[in-house]
Amino acid sequence: MKIFAAELDFRAIAREFKLPETFSPELHQQAAAAKDRYAEERRDARDVEFVTIDPPSSMDLDQAVHIEAADGSGGDASGAGGWHVRYAIADVGAVIEPGSELEAESIRRGQTMYLPDDPVRLHPAELSEGTASLLPDQDRPAVVWDMHVNADGEVSEFTLYRAIVRSRAKLNYEGVEADRLAGTLHPSIALLPELGEARQQSDLRRDAINLRLPSVSVKKNTEGEEGEYRLDIEPRQLMNDYNAEISLLTGMCAGQMMVEAGVGLLRTLPNASPKDIAKFDSAAKALGFARGEKSVGQLLAEIDASTPQGMALMRDAQGLLRGAGYVAFGMGGEDVDLSKAVHAGIGGHYAHVTAPLRRLADRFATEICLAIAAKQPVPGWVQERVSEVLESMKRTTQLANQVDRAALRLTEAVVLQPWVGQNFHAAVLHSGENGANIFVSQPPVIAECQGQPEEGTQTVVTLIAADPVQRKVTFAWPAD
């Protein structure tokens, strides 16, 4: 879940967690001077009309997509014969020299940290928002995943290669959702809705736990409204979900080829425990959802995540996805049981390969896939650094989670501060000897509650603390 809160200052959080908010002049110079190391080896794919789909303000564009019917026809095809999907990913590995300070800094940073007012980026802007970004009407180095998907959503064949591409348009989620409803989607993504639906119903994806966390914005109230700020849930666009399926499809192809080749860098997530699933079911009951005989994945696929209750259930479901990590194999180190190296949120083997401008692991995993596709050994510089990459991703993923929680709690405390002493209707998600975890729909907040209200019920609670300095919100039951 992302928060948009331009009115609030999150720099104190950046300083508290010692985030590197700037790059040195030397790193800016290196990024500005970066050249494509594989310029002579690339296919020319500039005739493919790729487009990007991102938030309107984004300039670090990792992915561009083009979809056509399997017979080569365009947007009015039924998809009965399947689809030809080409997914271009920014080729960051080609513009960062192994052994350079630019590479060392990216290993130190691990990933972009998304604070609501200004992200702390993995790479300098000259690279991430310039020469490596798939900006429209610019020739750019890319790794193209070339995939054929059957009408049932299953992949029949795929490959990848380095290419030079030229995006035709920088689209955004709100715009493409409006185009979908109007029947005016760009020809390059006219088939995305039916392909996305087919992928959602494919064998491995059908029961997977797929979180669709909506964005939350902080709005400054207008004159006459009580309180200075309010929290609004941004609509979760269907085109956002469909586009995400293409990224997931690519990562699953990458995971498959790594496992078959016996060498790779996988993203893993263990299955949720029965205890965690029971806790989720309790929260679902409190929020008015009945799972019945459905899998958790099937229930989550059905709910409207843009409603307060739907958002709350998505957030609670994050508890089912604990223990995510990365595992490398086939490059020295310990033996790995690949039957257990799966991702429960995906439904199979999976690798991060689609966001190299924002995540370190993607650059290295992509190089492994390129080597497998070319029937070549994995580059030595990848094998030499893979342990550093694993350590960096573990450390910075934990840090990113801490930063996300701090930003969310600060936002909630600021929004709720004027309402201390007021009563709220709440759903009791979880309850125990040390208090409860509740959901208040207006504003949409999950918070701690003193007392022991009955789990899975609706009740009234009192807001007793909202402290922006401590970033803490507390309710009490029974209500005063």
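**Crossing helices, a pocket and a cavity**

Modeller: In this predicted model, helix α5 (residues 173–182) and α7 have axes that come within 8 Å and cross at roughly 105 degrees.

Colleague: Why is α5 called roughly perpendicular to α7?

Modeller: Set the angle against the cut-off. Angles of 65 to 115 degrees count as roughly perpendicular. The crossing is at roughly 105 degrees, so α5 is roughly perpendicular to α7.

Colleague: Which residues in α5 and α7 meet?

Modeller: From α5 come Tyr-173, Val-176, Glu-177 and Arg-180. They meet Leu-238, Met-239, Asn-240, Tyr-242 and Asn-243 in α7.

Colleague: How do the residues of this α5 and α7 contact divide?

Modeller: Five are nonpolar, two polar and two charged.

Colleague: What is the angle between α2 and α3?

Modeller: Helix α2 (residues 25–33) packs against helix α3 (residues 101–109) at about 115 degrees. Their axes are 9 Å apart.

Colleague: What makes α2 roughly perpendicular to α3?

Modeller: The range runs from 65 to 115 degrees. The angle is about 115 degrees, so α2 counts as roughly perpendicular to α3. The crossing of α2 past α3 is left-handed.

Colleague: Which residues bring α2 and α3 into contact?

Modeller: Leu-27, Gln-30 and Ala-31 belong to α2. Their partners in α3 are Glu-101, Leu-102 and Glu-105. By class, this contact of α2 with α3 has three nonpolar, one polar and two charged residues.

Colleague: At what angle do α3 and helix α12 cross?

Modeller: At roughly 35 degrees, with the axes of α3 and α12 (residues 380–416) coming within 8 Å. Glu-103, Ile-107, Arg-108 and Arg-109 of α3 take part. On the α12 side are Trp-381, Arg-385, Glu-388, Ser-392, Arg-395 and Thr-396. Six residues of this contact of α3 with α12 are charged, two are nonpolar and two are polar.

Colleague: Where is Leu-338?

Modeller: Leu-338 is in the loop between β12 (325–329) and α11. Its C-alpha atom is 7.3 Å from that of Val-259, 79 residues away along the chain.

Colleague: Which residues is Leu-338 in contact with, leaving aside its neighbours within four places in sequence?

Modeller: Val-259, Leu-266, Phe-329 and His-349. Each counts because contact means heavy atoms within 4.5 Å.

Colleague: What makes a space a cavity rather than a pocket?

Modeller: A 1.4 Å probe fits in a cavity but cannot get out, whereas a pocket is open.

Colleague: Which residues line the largest cavity?

Modeller: Ile-89, Ala-90, Asp-91, Val-92, Gly-93, Val-143, Pro-356, Asp-362, Arg-363, Thr-366 and Glu-367. β5 (83–90) and α11 (360–373) each give two or more residues to this lining. α11 gives the most, with four. The classes are five nonpolar, two polar and four charged. Gly-93 is in this lining, and Gly counts as polar.

Colleague: What is the volume of the second largest pocket?

Modeller: About 400 Å³. Its lining has 22 residues, and Gln-200, Arg-212, Leu-300, Ala-301 and Glu-302 lie nearest its centre.

Colleague: Which element gives the most to the lining of the second largest pocket?

Modeller: α9, with five residues. Both α7 (238–261) and α9 (296–302) supply at least two. The lining of this pocket has seven nonpolar, seven polar and eight charged residues.

Definitions and conventions: Residues numbered from 1 in each chain as written. Predicted model: local features only at pLDDT ≥ 70, side-chain atom pairs only at ≥ 80, totals over all residues. Heavy atoms only, no water. 1 Å grid on protein atoms, 1.4 Å probe; cavity = no way out; pocket = protein on both sides within 12 Å on 5 of 7 lines; lining within 4 Å. Points joined across faces, edges and corners; volume = space filled by probe spheres on them. Axes fitted to C-alpha atoms, helices over the stretch in contact; angles between N-to-C directions. Parallel < 35°, antiparallel > 145°, perpendicular 65-115°, else oblique. Left-handed = near helix turned anticlockwise from the far one by under 90°.
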